[in-house]
Amino acid sequence: MSIIVVGFLCVLLDGIDIGAWGFVYPRLIADWGATVGQVTVVATVGYVTLALGALIAGPLADRFGRKPTLLASIALFGGGLLVAGFATNIETIGICRAVACAGLGAVMPAVITLVSEYLPLKRRSFLVTIVFCGFPLGQSVVGYMAAFIVPNFGWSSLLIVGGVAGLALIPLTAAVLPESLALLLRRPNQQHRVERIVDTIARSVGEARPVTITAVDLIPASPSRREGGVGLVLSRQLLPTSLIVWFAYLVNCTVTYMLIGYLPLIMAQMGMDASGSGQIVGMAGWGGVMGSLLIGYAMSRFGNYRTLIVALTLTAVSISAVAFGDWQLSGLLVLGLVWGILNAGSNGGMNAFASEVFPPTARATGVSWMHSAGKLGAILSGLLGGVMIAAGWAIGAIFISMAIPLLIAVAGFAWLGYRNRPRTVL
C-alpha cells in the first residue's frame, strides 16, 4: 500500500505542475509585460523538454535502475520549479521551466514502471490506474490551490510551493520505493538485497517465512540483450505493439490538450463566456479520476484489449457529438464529464496496458517512450488547433477531425488483440 501511495503522490505533483503554469502565464503578461510570443516560447520549450525527458529517461532507467532515475527526475523538477519562483525575468523562467519539464517528463513513466512491478498481476491494471489518478486529480486540485495562493501571495508562491513539495518527496520516495527486482536479479552480488525486499513484501501480506534467493533465481544479463530496453522495444517481435501503443497514446493526449487548450476559443465561437469553459474543463478533470478507476477495473474484469477498444470508440463518438445538435452549457457540462471519464480514463488504461505488455527489462523504455509520444501530442495540439481555428474550420469539423485518429487507434488495438489471442492446439 505504501508503494501505491508514494507513486500516487509523485503523479499528483505531475498533474499539479501541468495545471499550475496555466495560472502563471497570464500573470507574466500582466505583471512583467511579457508578450504572448515570449510566453508561447516558454510553454513550447517546456513541452519539448517534457518529451525529451521521457525519451531519455526510459533507456537510462532500464540500464541503471528505475529508482535512481526517478529520484534524479524529481530533483530536477522540484529544483527547477523552486528557482522559477524566485526568477526576475522571462529568460530565467524559460530556463527553469525547461529544466523542470526535463525532470517531470521522466517522473510518471518511471513511477508507473516501478510501481507496476510490485503489484499483483490480477489487479495490476486497476491498481496502476489508481496511481495514474493522481494526474487528473492534480490538475483539479491546483485550481483550488491557485485560487487561494495567487491572490494572497502571488503567482511566484505557487511555483515555490510546488518546488518545495517536489523536493520534500525525494526522501519519502527514497525510503519507501524499492528498486526493480527484475533489474536486481540480473546483476551480480545482489542476492541479499533482493532477499530483503522480497522479505519486506512477504511480511506486509502476512507471510513470515524467511525468503532465500538461490543462484537459480538470479537472471544473468544476456550478451545478446546488452542493447537494453531500446533494442527490445524496437525488436521485430515488439515493434508492432510499440508503434500501436505509442500512436494511440499520442492521439489520445493530442485530443486531451486540444480540449483543454482550445475549449475557451471554441466556446467563444459558440457564444459562451470563459467561466463556462472553465466549468467544462473542471468537469473533465473530475471525470478523469472516475474514468481511470472505472477503466482500470474494467481492464481487470473484461481484459485490456476489449476495454481500450470500447473506451476509445466511445471517446470518438462523444467528441463527434458536438458536431450534431445545438448544445447549451448544461449539455456541454455532461459531455465534459464524459470526455474526462473516457479520454483521461483511456490514458490511465494505456499506462496500465503498457506496464504489462513490455517485458521487465524494457518496460521503462516502452512506457517512457509512450509518454514522450504523449508530450509530442501536446505540441501537435497547439499547432493543429491554431491552424484549424485560423483557417476558419467549423466547430463540428474540428471535433470530428479529433475523432478520426482515435478510430485508427481502435483498429490498431483490435489487430493487436487478434494477433495476441490465445491459440488452442488440437
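User: At what angle do H4 and H5 pack, and how far apart are their axes?
Analyst: This is a predicted model. In it, H4 and helix H5 (residues 124-132) pack at about 145°, and their axes are 10 Å apart. The crossing is right-handed.

User: Which residues make the contact?
Analyst: From H4, Met108, Val111, Ile112, Val115 and Ser116; from H5, Arg124, Val128, Val131 and Phe132. By class, that contact has seven nonpolar residues, one polar and one charged.

User: Staying in H4, is Arg97 buried or exposed?
Analyst: Arg97 is in helix H4. Its relative accessible area is 4%, under the 20% cut-off, so Arg97 counts as buried.

User: What does Arg97 touch?
Analyst: Leaving out residues up to four places away in sequence, Arg97 touches Asp17, Trp21, Tyr25, Val42, Gly46 and Thr49.

User: Asp17 and Trp21 are on that list. Which residues of H3 does the group with Asp17 and Trp21 in H1 meet?
Analyst: Cys10, Leu13, Asp17 and Trp21 in H1 meet Ile74, Phe77, Leu81 and Ala84 in H3. The class count for this contact is seven nonpolar, no polar and one charged.

User: And the geometry of that pair: what angle, and is the crossing left-handed or right-handed?
Analyst: Helix H1 (residues 2-32) and helix H3 (residues 66-84) pack at about 30°, with 12 Å between their axes. H1 passes H3 in a left-handed crossing.

User: What is Leu177 in contact with, sequence neighbours aside?
Analyst: Ile3, Val6, Lys67, Leu70 and Leu114, once neighbours within four places are left out. Leu177 also lies 8.3 Å from Gly7, C-alpha to C-alpha, although they are 170 residues apart in sequence.

User: Now H7. How does the span of H7 agree with 1.5 Å a residue?
Analyst: H7 has 22 residues, so it should span 32 Å, and the distance between its end C-alpha atoms is 32 Å, in agreement.

User: Where is the kink in H7?
Analyst: At Ile170, shortly before the proline Pro171, with a bend of about 25°.

User: Which residues of H7 are buried, and what do they pack against?
Analyst: The buried residues are Trp155, Ser157, Leu158, Leu159, Gly162, Gly163, Gly166, Leu169 and Thr173. They pack against H1, H3, helix H4 (90-116) and helix H6 (134-153).

User: Last one, H14. How many residues does H14 have, and what does it reach end to end?
Analyst: H14 (residues 329-357) has 29 residues and reaches 40 Å from its first C-alpha to its last, close to the expected 42 Å. H14 has a kink of about 25° centred on Ser346.

User: Why is H14 described as largely enclosed by the rest of the structure?
Analyst: Because 22 of the 29 residues of H14 are buried.

Conventions
Residues are numbered from 1 along each chain as its sequence is written. This is a predicted model: local features need pLDDT of at least 70, side-chain atom pairs count only at pLDDT 80 or more; totals for chains, interfaces and linings use all residues. Side-chain values use heavy atoms; hydrogens and water are left out. Helices (H or I, at least four residues) and strands (E, at least two) are DSSP runs, numbered from the N terminus. The expected span of a helix is 1.5 Å times one less than its number of residues. The bend at a residue is the angle between axes fitted to the seven residues ending there and the seven starting there. Buried means under 20% relative accessible area, exposed over 50%, partly exposed in between (1.4 Å probe, protein chains only). Axes are lines fitted to C-alpha atoms, for helices over the stretch in contact, and angles run from 0 to 180 degrees between N-to-C directions. A crossing is left-handed if the near helix is turned anticlockwise from the far one by less than a right angle, and right-handed if clockwise. Contact means heavy atoms within 4.5 Å. Ala, Val, Leu, Ile, Met, Phe, Trp, Tyr, Cys and Pro count as nonpolar, Asp, Glu, Lys and Arg as charged, and the others, Gly among them, as polar.
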